[in-house]
Each structure stands twice: as C-alpha cells, then as structure tokens.
Amino acid sequence: MQLSRYFPVLDWGRTYNRQALSNDMIAAVIVTIMLIPQSLAYALLAGLPAEAGIYASIAPIILYAIFGTSRALAVGPVAVVSLLTASAIGQVAEQGTAGYAIAALTLAFLSGGFLMLMGVFRLGFLANFLSHPVIAGFITASGILIATSQLKHILGVSAHGHTLPEMLGSIFAHLSDINWITLIIGVSATAFLFWVRKNLKPTLRSMGLSPLLADILTKAGPVAAVVTTTVAVWLFGLDGRGVKIVGEVPQSLPPLTLPGFSPDLISALLVPAILISVIGFVESVSVAQTLAAKKRQRIDPDQELIGLGAANIGAAFTGGYPVTGGFARSVVNFDAGAETPAAGAYTAIGLAFAAVALTPLVYYLPNATLAATIIVAVLSLVDLSILKKTWGYSRADFIAVAATIVLTLGLGVEVGVATGVALSVLLHLYKTSRPHVAEVGLVPGTQHFRNINRHKVETDPTLMSLRVDESLYFVNARFLEDMVQNRVTDNTSIKNVVLIFSAVNEVDYSALESLEAINTRLKEMNVGLHISEIKGPVMDRLKRSHFIDDLNGRVFLSQYDAWTALSGDQVALAGE
C-alpha cells in the first residue's frame, strides 16, 4: 500500500485489462495525431529546434504515467510554459546557440527538482495561495502575448520583443518587409484551423459519420494543414521565395543530454524555474481534478508534484524543456476514452515512431503553419470576461486581475506572474486581516442568533455578543483587539462581552496575546469577557496557556446558554 502511494502505476496496473488497453490505444492514437504538429509548434514558441517539442513529449509522458495519479492528464509542452521558457532562457543565452538549448535543459531540471522537493515535503497546499482570478488574468495576458509573438511568422518578417508594446512596435516597423506568400499561407492555415475547431465535427456528423470517426478527423485538422502547406512549399519551391521552413529535423529517438550545472546559470534560472513550476502545477492540478471528478476519481496533489517533477527531470535528460499537464490535450485524451495513464505511454510510443520515421517529412513545413497552430490553440485561453465578472463581484479581485494582465502585457511574463503571486498573497492577507465580526442578537422565539444589522433580533444593552467569522492569527489579532476596545469604550452600559468562536478554527500565539490583552483591559473596566461555541481543538490549544484560567468570565457551550445566563431585564428588539 505504501509503495503504490509513491508509484501509482502499481495501483491501476493491477486491474489493467483488455478493455482498458483498447480504450487507451484509441485515445493514444487521437492524442498522438494532435500532438505531432502541436509539439513542433510549441518548440518554436520556446525558441528551440522543432525536435525539442517531440522530445519533451516522450520521456516525460512515460515518467508521469509511473508517478502521476491522474488517469487522463496528458503531460508535455504547453503554450504558457513555452512562453515562460523563452522569456527566462532568452536572458541568459542567445536563441539558436548551444547555450540556449543547455539553458532549456537546466530550466527543466531545476523546475523538476523544485516540484519533487515540494512533493516529498507535501507542500502542494502552497499553490492554493495563487487565486484563480489572478491565474486566469495571467493566462489571458499570456495568450495575447503568445498570439502576438506569432504574427511575425504569419507575416514573414523579423520582429522581436517580450512585451506587447515591444512586439507591436517591432512588427509595425517591419511591415514593409512582409512576405506575401508567407502571409497567404499563414492566414489560410489560421482560417482553416478555426473552421476545423468550430465547424468540422458538426459537418462530419451531418454527413453520417460516427462520433468517434468524426472526432478523430477533427483532431487531425492541424495535420491536414501541415500536410497541405508542406506539400505546397515543396511542390512550388516556396522556400526559395522567402517562405521560412522548419528545415532538417534529426531522425532519431530523444538523445541523452545533460543540463548545465554552472552556479551562474543556476542562479539566473532558479527564480524563473520556481515560477514555471508553480504556474505549471496549478494549471495541471486544476485540469486533473476537473477530469477526475467526472469519473468520481481522485488525485493526490502532493503525488502530482512528484509526477510532474519526474516528468521535468526526464525532459532535462532527453533533450526537452519544461513541461506540465496541458488542458486541451488532456480533455482530448479524456473524451477519447483514456482509462489509465497507460494511454500517455502509448502516446509516447507513437511520438517516438514519429521522431524516427516521420521527421524528414516536415523539412518543408512552413513556420507560418506552426504559428497558425499556436494562435488557434492559445486564443481559447484568452478570457477577458474575467474582468467583468470580478468587477461585479469583488473590486479587490478585479484590481488584482487587471494589474496582472496589464503588467504581464506591459512588462513581460516574469513580472506578470511574480505580480500575480504577490497580489494573491497580499489579497489573502488583506482579507483575513480585517475579519468579518458581527454583533448578534437572539431571533425571537428561537435559540438562533443573527446579525443585528440584518435581522430583527432581541438585544440587551448590557451584553455585547460578537461572532468572529475568521480564524485568529498574527495578521488580524490586533483588529479584533481594537474593535472590542473601541466598542466597549464608546458604550459604557456594556457589562459583559461574549466572543462567539463557532467559526474560529485556529488561534495562534499572537492572537492568544491579543485575547489576553482584551481580557486584562475588560477586567480593569469591570466588564466580563466570555467565550461561547468554541471548537474542541481550539479549546485544547487555549488550555495549554493560562488564558482559560485567567478568563474574566465563563466559557459557554452555546450562545443561547450565554444569553440566558448574562442577559438582564432590559432586552429590546433591534435590527431592520
């Protein structure tokens, strides 16, 4: 049992049968067809040779199948991580050099090592500090940056830049250099791929094709674009007329490679590796949990860290670059009927075959077609509606999302993701530093207590009952202390204060000191301090101190018991 916890393959492998094999094989065929052009395209996005995308999709998938817990997650290069990779290693090496490739290997190794350490020490919960709106904002901005970065390949011009102003400025400066043949190829491929995504499957179904065959042909849409444009370039010699092509791709299995271990390189890539790890993990786990829930399965986030860490380390030693679980390919894998991670292993076999036998066929593949593949894929990530949703629901979340989007577009992905992480943590601290504390009264004819500002309730001017709706720790402890002090100082008729701890799950040492300060001050003012509805674990912790012994009042099992014992004959109706 303990061994299968760290090697989930031992768990699902015991019950593997012929039906699962058949379903996994079908899923693998569909995903392989989708991944061949996609892997080449994402390598282009990362600034690496085309074969790096295929290499990064072989060993990592197999390693994840051994160590990962999701039955449907498909691991490999993804758009956002490819963009982050290009941004990080572009600062330490020049694209096209051996140093650039080594930096990519090193980035994958550092990312894998960080993920493995987090998994071993069960630190997966740290990813929860990244709020979903901030992640959505970052991915939206990244999608815009990625699509913009590919316009140079569609136009056939040389452009550069890592931010939106830089890219657009560079593209406009080179508009006079447009290669019109490249533009025709790029626009045609983009339009075709958009049509395939939206309309091909319904069209095929209306022609009487089975759902499975229609799905396979739809997923093969990018392959059709690749084949058509490659043949056109070869047939008409368009590479001699300025159309840039992929060129020679090594016809081999992934090579054994070594990342760089120089201190300067590691120090330069350490922070980007951590950011890539966190973003990749959050995206991967959210996809894995969504798909697992559909089949009433579960995943282990900490084991997922180990699985993704192993995948990235595998990429570092087999000519790849950082990888994670991709949303689109995982959904395709799930919809195609994948039952176990073995589907990923079969996909790896298919990609290995492609690396050995099919790479000569992409020599004349135009970069514009790969750029079209990327643009169509990433525009589905762009969700500007998150701005409207957060504006209507929470202005603080809106500010965080808007800041993340603007800074990512204006200053680059690393600044954007770092800002997103910082804003997520600051938002959490801000919200918990000002906990909701409601003064409550008794609902007439019941034993229930509700907010005096929202309901008609009975109150006693000599008794103040405060319901604390947050755990108490160093960030918010002083807030409660000041609130009680101010309320009692402003209302001299108060003789007893009851703190209702029904929502308090934790009281840290700083909060304990604040409670002791409240107790001391109220005692000096001849006001009793009482606690009601305190949870067992919180009470156990408080008993380890002298607070309960020194309490200037009593501990009540329920708030109604406190009301019965402490309210006098001045009860009045308050509220709406």
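At 67% relative accessibility, N526 counts as exposed, where exposed means over 50% relative accessible area, buried under 20% and partly exposed in between, with a 1.4 Å probe and protein chains only. The structure is a predicted model, in which local features need pLDDT of at least 70 and side-chain atom pairs count only at pLDDT 80 or more, while totals for chains, interfaces and linings use all residues. Residues are numbered from 1 along each chain as its sequence is written, and side-chain values use heavy atoms, with hydrogens and water left out.

N526 sits in the loop between α23 (509-524) and β8 (528-532); helices (H or I, at least four residues) and strands (E, at least two) are DSSP runs, numbered from the N terminus. Although not a glycine, N526 has a positive phi of about 60°. As background, most residues other than glycine have a negative phi. R122, also not a glycine, has a positive phi of about 55°. This residue belongs to the loop between α7 (98-120) and α8, and R122 is partly exposed, with a relative accessible area of 37%.

Turning to the chain as a whole, its secondary structure comes to 26 helices and 10 strands. The C-alpha atoms fill a box of roughly 100 × 60 × 60 Å along the principal axes. Of the 576 residues, 52% count as buried. Among contacts (heavy atoms within 4.5 Å) with a separation of 6 or more, 80% come from residues 24 or more positions apart.

Two helix pairs can be described in some detail. Helix α8 (residues 132-149) and helix α18 (residues 367-379) have axes that come within 9 Å and cross at roughly 165°. Here axes are lines fitted to C-alpha atoms, for helices over the stretch in contact, and angles run from 0 to 180 degrees between N-to-C directions. α8 and α18 are therefore roughly antiparallel to each other, a label given to angles over 145 degrees. Their crossing is left-handed, which is to say that the near helix is turned anticlockwise from the far one by less than a right angle; clockwise gives right-handed. On the α8 side, G143, I146 and A147 meet I374, I375, V378 and L379 of α18. By class, this contact has 6 nonpolar, 1 polar and no charged residues, with Ala, Val, Leu, Ile, Met, Phe, Trp, Tyr, Cys and Pro counted as nonpolar, Asp, Glu, Lys and Arg as charged, and the others, Gly among them, as polar.

I146 also takes part in the surroundings of L83, a residue of helix α6: leaving aside residues up to four places away in sequence, L83 touches L45, S142, L145, I146 and V413. L83 is buried, with a relative accessible area of 9%.

In the second pair, helix α5 (residues 59-67) packs against helix α15 (residues 301-316) at an angle of about 155°, with axes 8 Å apart. α5 passes α15 in a right-handed crossing.

Among the strands, 5 of the 6 residues of β6 (residues 463-468) are buried, so this strand is largely enclosed by the rest of the structure. Strand β3 (residues 437-442) is joined to β6 by 3 bridges and runs antiparallel to it, whereas β6 and β7 (residues 496-500) pair in the parallel sense over 5 bridges; pairing requires at least two DSSP bridges between two strands. L466 of β6 is the bridge partner of E439, and L499 in β7 is the bridge partner of L466.

Notes
Parallel < 35°, antiparallel > 145°, perpendicular 65-115°, else oblique.
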